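Please examine the sequence and the structure shown below.

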Amino acid sequence: MKRCFVVNQEKAVVAGIVSGTSLVMALVMVYLGRMGSLLAFGLLAALFGWIAAQNAAVIVLDQTGVTKTLLGRRVSHMDWNQVREAG
């Protein structure tokens, strides 16, 4: 039996929206020639993009153990015999 869970879908969506908006603002700052603001909005876009990706990670529980995937790639895996405590 395979069960999949998203870490926190609401936070992932909100952080994705903030990241996208910051990226658009960074592009506007390129057009306006404001490099300080470009750096600030670029850093915000990267930070919230990372937060969105972390919260969009999928935890898979199956017969072999627990697996965490991030953007479709396996990040970590733990066999059931390595699990000491759940809760």
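At 35% relative accessibility, V28 counts as partly exposed, because that class lies between buried (under 20% relative accessible area) and exposed (over 50%), with a 1.4 Å probe and protein chains only. This is a predicted model, in which local features need pLDDT of at least 70 and side-chain atom pairs count only at pLDDT 80 or more, while totals for chains, interfaces and linings use all residues. Residues are numbered from 1 along each chain as its sequence is written, and side-chain values use heavy atoms, without hydrogens and water.

V28 belongs to helix α1, residues 9–32; helices (H or I, at least four residues) and strands (E, at least two) are DSSP runs numbered from the N terminus. Together with V24, Y31 and L32, V28 forms a nonpolar surface patch with about 440 Å² of accessible area. The areas come from the Shrake-Rupley method with a 1.4 Å probe, and for residues only the protein chains shown count as cover.

The strands form an open, antiparallel sheet of four in the order β1-β2-β3-β4; two strands pair if DSSP finds at least two bridges between them. β1 (3–6) and β4 each have a single partner strand, so one side of each lacks a neighbour in the sheet.

Four bridges join β1 to β2, and R3 has L61 as its bridge partner in β2. In β3, K68 is the bridge partner of I59, and K68 also stands opposite S76 in β4.

Methods:
Patch = residues over 30% accessible without salt bridge, like charges linked within 9 Å, V, L, I, M, F, W, Y side chains within 5 Å. Salt bridge = Lys/Arg side-chain N within 4 Å of Asp/Glu carboxyl O.
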